[in-house]
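This report looks at charged side-chain pairs. It goes pair by pair, with a table of distances.

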Amino acid sequence: MLSTSLVKLGAIACVISRHANGVHAIRITSDAGEVANKTFTYVVVGGGTAGLTVASRLAEDPATSILVIEAGPNAQNDTLVNDPGQALFAPDKYNWQYNTTAQTVGGNVLPMTQYMKAAERYHLPHPQQVKLGATVNPKAHGYSGNVNAGFPQPYEGTVMAEDMLSAARTVIPGLVKNVDVASGIPNGAARFQYSIKPGNKTEISPDGNTRSSSANAYIYPSLQEKSNLVILTSHQATRLVWGPPIGSLSQAVGVKFIQTPTPNAPTGPEFEVKILKEAIIASGAIGSPRFLELSGVGDARILTSVGIPVEVDLPAVGTNLQDQSLNLVASSVTTDIDTSDYIIVNAPFTPAVAFLDIEQVLGVSAARVAGRDLFQSIPIRAQDIVSSGAFTSLQGMEKILRTQAESIVKFKAPVIEYSFVTSFAPLAIGVSYWNLIPQWRGTVHVKSSDPTVPPEIDPRFYTGGDLDIFLKGNASRLARKIFNTHPLKELVTGELLPGLATVPENASDAQWQNFVKTTYTAVLHPIGSVPMLPQQDGGAVGPDLVVYGTSNVRVIDSSIIPVQLSAHLSSTVYGIAEKVIDLIKTRDAGGL
């Protein structure tokens, strides 16, 4: 599972204590007694994409000891986790079940490419996959990392994938075939690649595609090694313990934790572990600001209001939250279709993707007007965001919004993603689509000092001005047109969503926008809530990812990304994790 804020990433298994030769191996346990009151060089809060990556890499140094505290349970052999075809919402045991508030619709730089490649173990498509339409830019990938990536094998649904892309290229002016969306130039229409280990056979079989999670990539292959790494599952870190400061900087000396709460059950006892060097926070864009606030790091006014002692007054924590909003257009297809053309079993049922820039969504003339308005509205939009409490620095937000506007208007960064879906329901196909670079900003804050109480999450969808809903309404109209264009129109028998009764033919902008506003959901790509920016510009961590006002608390997940990306998050988060290892090594060598 990706390290999103809404999922407990406990893809961890049994306790393995020794090799046959007596050498200790990784310990993976749900028994708090094995770690309580012990001291570790590093304590990692969160065992997701970033947390397990950094923990495994730190454990390469046998002189260190590392503890990961992960809220989720054992899931090593769960097909829901490991089968990339199981694209469903996680059940309760893997799901934080967070809800947003009711939504009323109305820097610094980390060079990342080398680190993203360092994490990747790419599988070039073989001749059969190429024959079925797989394309790649070999220079865009890494080949010696831990995270498997590539095209599925067996490679299913390729006929429908090509039909979808062909129709999209016909409908959308200037939309060209993109050989590889991972090349750094995402604009275009392409076959999807995934973080999977491709199977070994052309037919569905037990050794088919396997999802390449951080656990599968960095932990399970090393189960018989790295005796200095302990992973505690089914336990939730609750707060940091502070010791004497180092100069003016607060110093974390321990972490408190409890057994992960279950509904209608009493909270168990609180345990503690001690930290020798660093607390590394990797709980995602919801969990990391929540954990910092529970530890007394955040806006003093918010902390005081819920009875949390203030350790570091850092108002930027929990601000700048950004998630994207998703809608779906879907159609039924004829029963005469060959199911092998569109059914996907052992791989994600999103075989094709298109990334659209502002001109492709709106048309050249309308894009020009929208771009001009985007720049002119920066001061008022920045003021609205800061006044709402979703950011702390007016000058910082104006800088960010201007950078986003330049990216969208001048450099044509994609603003809408179409993720084409097949076989998500019997005889149904569709496209899910979202705003890639939203202008809105939201918040996530604790509403109690009780660590079992969920935080208050307010993404403030569609509050960043007119562009976001204008783009989404037009993208919806284009999506319908794609399914009514050859070669898809010969297969489609009717529209399932929104349906002509809801949005009639030749519907107005207002009708399409109303459909968007009444049916959208979160993409679950949250970022930005512990932003890496200069402190005076609204930042919570610096370029070393250490929390301002602390000496040894580092945040390493998607919460540090200050602005949304025209991409999915996992590669970037893996890159952040690999970069963190270099930062720590540089510090230990005396370079920081």
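What is the relative accessible area of E359, and is E359 buried or partly exposed? The model is predicted. E359 has a relative accessible area of 32%. That value lies between the 20% limit for buried and the 50% limit for exposed, so E359 counts as partly exposed.

E359 also has a charged partner. K412 forms a salt bridge with E359. K412 sits in the loop between α12 (394–409) and β17 (416–422), while E359 belongs to helix α9 (residues 358–362), so the pair links parts 53 residues apart in sequence. K412 is partly exposed because its relative accessibility is 27%.

A search of the whole structure gives 16 salt bridges. Three of them are listed here, including the pair above.

| Pair | Distance, N to O |
|---|---|
| E272 and K256 | 3.1 Å |
| K412 and E359 | 3.7 Å |
| R477 and D509 | 2.9 Å |

Next, the strand pair. E272 and K256 meet through their side chains in a salt bridge. E272 is in strand β12 (residues 271–281) and K256 in strand β11 (residues 249–259), so this bridge ties together parts 16 residues apart in sequence. Both E272 and K256 are buried.

Then the helix pair. R477 bridges to D509. R477 lies in helix α13 (residues 467–483) and D509 in helix α14 (residues 509–519), so parts 32 residues apart in sequence are tied together. R477 is partly exposed at 27% relative accessibility. D509 is partly exposed at 36%.

Salt bridges with shared partners also join R57, E60 and E578 into one network.

How values were computed. Residues numbered from 1 in each chain as written. Predicted model: local features only at pLDDT ≥ 70, side-chain atom pairs only at ≥ 80, totals over all residues. Heavy atoms only, no water. Salt bridge = Lys/Arg side-chain N within 4 Å of Asp/Glu carboxyl O. Helix = DSSP H or I, 4+ residues; strand = E, 2+ residues; numbered from the N terminus. Buried < 20%, exposed > 50% of the residue type's maximum accessible area, 1.4 Å probe, protein only.
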